[in-house]
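Keep the 3D view open as you read.

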There are 2 protein chains.
Amino acid sequence: MSNVNQLGRRNFIKGLGAAGAVMAAPALATSVSAEGVKWDETVEIAIIGSGFAGLAAGIEASRQGCKSVTIFEKMPVFGGNSAINGGLFAAPRTPMQKEKGVDDSVERMVSDQLKAGRGVADEALLRHVASHAMEALQMTMDAGAVFHPYLQQLGGHSVPRTYQTTVSCGAGITQPLLRECRKVGVNMVSRTKFDGFIVDEAGKVVGVKLKKGYYFGEEDTGEAINVRATRGVIMATGGFAQNVDLRMAQDPTLTAEVGCTNAKGATGEGMFEMFRLGAIPVHMAHIQSGPWASPDEGGFGYVSNYSIFNFPHSIAVNRMTGKRFMNEIADRKTRADAELSCRDAKGEALPPIMITSYEHANQHPNCKKVLKYGVGWKFDSLEALAKHFDVPLKALEAQVEEYNGYVKSGVDEQFGKNMGKAKGKYLKAPFTVVRLWPKVHYCQGGVQTNTKAEVKDSFTGKRIEGLYAAGEVAGGMHGVSRLGSCSIPDCMVMGMTAARSIMGA
Amino acid sequence: MSNVNQLGRRNFIKGLGAAGAVMAAPALATSVSAEGVKWDETVEIAIIGSGFAGLAAGIEASRQGCKSVTIFEKMPVFGGNSAINGGLFAAPRTPMQKEKGVDDSVERMVSDQLKAGRGVADEALLRHVASHAMEALQMTMDAGAVFHPYLQQLGGHSVPRTYQTTVSCGAGITQPLLRECRKVGVNMVSRTKFDGFIVDEAGKVVGVKLKKGYYFGEEDTGEAINVRATRGVIMATGGFAQNVDLRMAQDPTLTAEVGCTNAKGATGEGMFEMFRLGAIPVHMAHIQSGPWASPDEGGFGYVSNYSIFNFPHSIAVNRMTGKRFMNEIADRKTRADAELSCRDAKGEALPPIMITSYEHANQHPNCKKVLKYGVGWKFDSLEALAKHFDVPLKALEAQVEEYNGYVKSGVDEQFGKNMGKAKGKYLKAPFTVVRLWPKVHYCQGGVQTNTKAEVKDSFTGKRIEGLYAAGEVAGGMHGVSRLGSCSIPDCMVMGMTAARSIMGA
């Protein structure tokens, strides 16, 4: 197979065998040497994954003058997990903030994120993204994305800075970006799975092995091809929340029975292949569960965006006590941990309930769907509500009265919630109620990258040449807990950054 | 270099180049294919690293009938970081527990550890170790290790179950184990650095590349040799607390300026090479700082064991307030986090002080050294103590009086400390005082292993054949925070387990 006597510093890489025909047996993602490889195609930039990061990278590469950029997507449809996310986009100093007189800054957004990151977030990456978030938001608008005319203040954010697509979903961004990609000449190929890197003698990534015509879940499908990338490879392959074995390795409680908001393709093999190449695994243990999810529906569902919108003027109540148990707009980890502590007398899970005045809940388009599909309930009185959910009525009545006092005074004496967005929004019948229970939502962990979207090698401490990573596949930026609506700017800015790094912009 | 047309499922492995002479340029740990390799030596079992895990593996392999086992150590002396650790060994149902009437069990120890692990510890691994801890303790005693005649109850443990070597240091175990290794015929080679795996076509680890005559820190030293391991390779290479870049990747606050208790060799390249082979990185973000360390001395020093011994009958005081700020025997993470929150008015670090009655402090052999080397102080009165450390005297006096009330009642109303070990031990002059500030101590993260010490592959979910890992290089067992004195049983039991797995015992 080989006949080498002189192996140097990068002998691992140099020693990789040449690529060739893939046998019928399941072909796992594995990297090979470029020497003697038969190239089936050549592009300037190969992008793996078609979520926010991949799409933004494609558009930006084209804008920077790249004539040949191709996005490879393993699933039959484009958009990845991004297409089914909440469509929430945080950015400082936006036109809508200006219009509404919200005093915000890059530093303020970074400061909010550092707090949620509990001391281990990557400040340089956060600042880089916040500094370019408005550019990325503009890219979505230029492509035709449409946002609600109001700003939301999500948990952990100190001011309202979150836009949301009118369709309340990430597809409101991925679809316009996809059209833009086609318009500017980005080549798009679906059902094509990443199957490993092709690396030259100096250790530089010079191409990718792919399986063309691949059917997700059928590992022996697809024809092996080798694609040369003369300028670079951008890995935008997302997280691994749907890979039960690998998420359980980090947190044994995240079994297959635990809900997950992610698309099925979020299985992490692109990330693990980068570890095999020498990338540094960062914060793999930090897997975030969304505190706004409902146990009454699958995935992200309808309740998530409904409750994200309503938390500021709602109360979350422990059914055993009839009392609030958390600041409804604390960061995600704080709330998810608090919800998980809601148990019955036997210690079994007892999902808490979120109570909202119907008149306010109905301001969100999902309210009707939540009620229609039976994942939310409407009650004419606290009595009926308490009876339905077996909550102690007197305690609940006292809690509602107490909370309405906070709405009036503007000071939450129970949990220090910022009552700014609850002003004038008293809790009164009729009420709508949803149940809450966290679902696996986001992997803070991934490969370590810098503000150029370059990937660091664990032995040399230097970048792995030719390789870039952007979006959820990268780790460390957010630390222990990512704030809501900060993933889309992360993905898009780092995708754009990867393209700029490659193009020398 | 290569000329392969048929690559299959393990084509990455199959495609690895053959090993050869290493050039003068820095040779990084890198793995190669076994095909065409020139073997310089052949052993049955190759063990990398000579700390607790490696030594226990060597002895057990020999006991199980292995005729040829060699331990390779990169440093000039044997014992690794183990030789300078605290020499604290937790085990349930020991002779000393029986003698002292302590009611303990495997389940009780596992339960204590799961609590410190904050829900993400690997229960099966913890139970496996606790079940075999007494066997490992026996191995150290049979080899000649000598322990104090008392049991300690360390932070987070619900009962006293910790033995300590009379030399108050891990060398009290590694030295006897080293002698035992030589006695039973385990071959020991120092200054020999692991430089990558040698892997056959099926993906099985069949040997290791080594650099013989290596000088630590001089990467171009040493002669490259290839050692065949016919039965298996056991990686017992320890943690990465001394690798500043890699620990900062997980926690940016752990800069070079932050103290570290570990030996210089704890740099993690064995672990990272396993990731390159496909091992699963688990809990890399969980790096533990020791709450018993002193900012007034380097490394583990004299204070650490002094304070571990004295915490049960001492108070830790915030110098700004003159008040206690934590349960002095909570788990390590709880205490380290509490200490890090002790700041002056400007937010600068203000290391808290631990106050102990001299008559009790002096029961530990380190007390004299702490005073002699100026890393601890003795005071005849609270006044003198308060003046020296600029602590508000009245508050401190009130705190001491209040605490002595808890000593009397047996109930700590401030922090719920278990006062069992403080019985009759009132705080009274003269006092000894040390300053506390956490130091990087232990990496909970590493490669995922099972209860056979086998290493799992991230793509196949199956074991990597021929490869075993034991000790701190493995990750996941302890979760977010490891309890004190649980590393030696972990290392030794998993080292013994690796040997038994290989020998089919």
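Ala453(A) sits in the loop between β20 (446-448) and β21 (454-456) of chain A. Its backbone deserves a look. Phi of Ala453(A) is near 65°, a positive value in a residue other than glycine. Is Ala453(A) buried or exposed? Its relative accessibility is 0%, so Ala453(A) counts as buried. Keep in mind that this is a predicted model.

Arg93(B) is not a glycine, yet its phi is positive, at about 60°. Look for Arg93(B) in the loop between β6 and α3 (95-100) of chain B. Here the relative accessibility is 58%, and residues over 50% are called exposed. Arg93(B) therefore counts as exposed.

Next come the cis peptide bonds. In chain A, one joins Ala429(A) and Pro430(A), with omega at about -5°. Pro430(A) belongs to the loop between α14 (393-409) and β18 (431-435) of chain A. Now turn to chain B. The peptide bond from Ala429(B) to Pro430(B) is cis, and its omega is near -5°. Pro430(B) is found in the loop between α14 (393-409) and β18 (431-435) of chain B.

Move on to a strand. Thr70(A) lies in strand β5, residues 69-72, of chain A. Its relative accessibility is 3%; the limit for a buried residue is under 20%, so Thr70(A) counts as buried. What does Thr70(A) contact, leaving aside its neighbours within four places in sequence? The partners are Val43(A), Ile45(A), Ala46(A), Ile47(A), Asn187(A) and Val189(A).

Now the nonpolar cores. The largest has 61 residues. Inside this core, the residues with the most contacts are Ile45(B), Phe89(B), Ile173(B), Leu177(B), Met188(B), Ile234(B) and Met492(B). Several elements of chain B each supply at least two of the core residues. Among them are the strands β4 (41-48), β5 (69-72) and β6 (88-90). The helices α2 (52-63), α4 (106-116), α5 (123-143), α6 (171-184) and α15 (487-503) also each supply at least two. Which element gives the largest share of this core? That is α15(B), with 10 residues.

Residues up to four places away in sequence are not counted here. Ile173(B) touches Phe52(B), Phe89(B), Thr140(B), Ala145(B), Phe147(B), Thr165(B), Ile488(B) and Met492(B).

Finally, step back to chain A as a whole. Chain A has 15 helices and 23 strands. Along the principal axes, the C-alpha atoms of chain A fill a box of roughly 80 × 50 × 40 Å.

Buried residues account for 63% of the 505 residues in chain A. Consider the contacts in chain A between residues at least 6 apart in sequence: 74% of them join residues at least 24 apart. The accessible surface of chain A is about 17300 Å², and 50% of that belongs to carbon and sulfur atoms. Charge is the last item. Chain A has 57 positive and 50 negative charges, and their mean positions are 3 Å apart.

Conventions: Residues are numbered from 1 along each chain as its sequence is written. Chains are lettered from A and ligands numbered from 1 in the order in which they are written. This is a predicted model: local features need pLDDT of at least 70, side-chain atom pairs count only at pLDDT 80 or more; totals for chains, interfaces and linings use all residues. Side-chain values use heavy atoms; hydrogens and water are left out. Helices (H or I, at least four residues) and strands (E, at least two) are DSSP runs, numbered from the N terminus. Buried means under 20% relative accessible area, exposed over 50%, partly exposed in between (1.4 Å probe, protein chains only). Contact means heavy atoms within 4.5 Å. Accessible areas come from the Shrake-Rupley method with a 1.4 Å probe; for residues, only the protein chains shown count as cover. Lys and Arg count as positive and Asp and Glu as negative; His and the chain ends are not counted. The place of a charge is taken as NZ of Lys, CZ of Arg, CG of Asp or CD of Glu. A nonpolar core is a set of buried Ala, Val, Leu, Ile, Met, Phe, Trp, Tyr and Cys residues joined through side-chain atoms within 4.5 Å.
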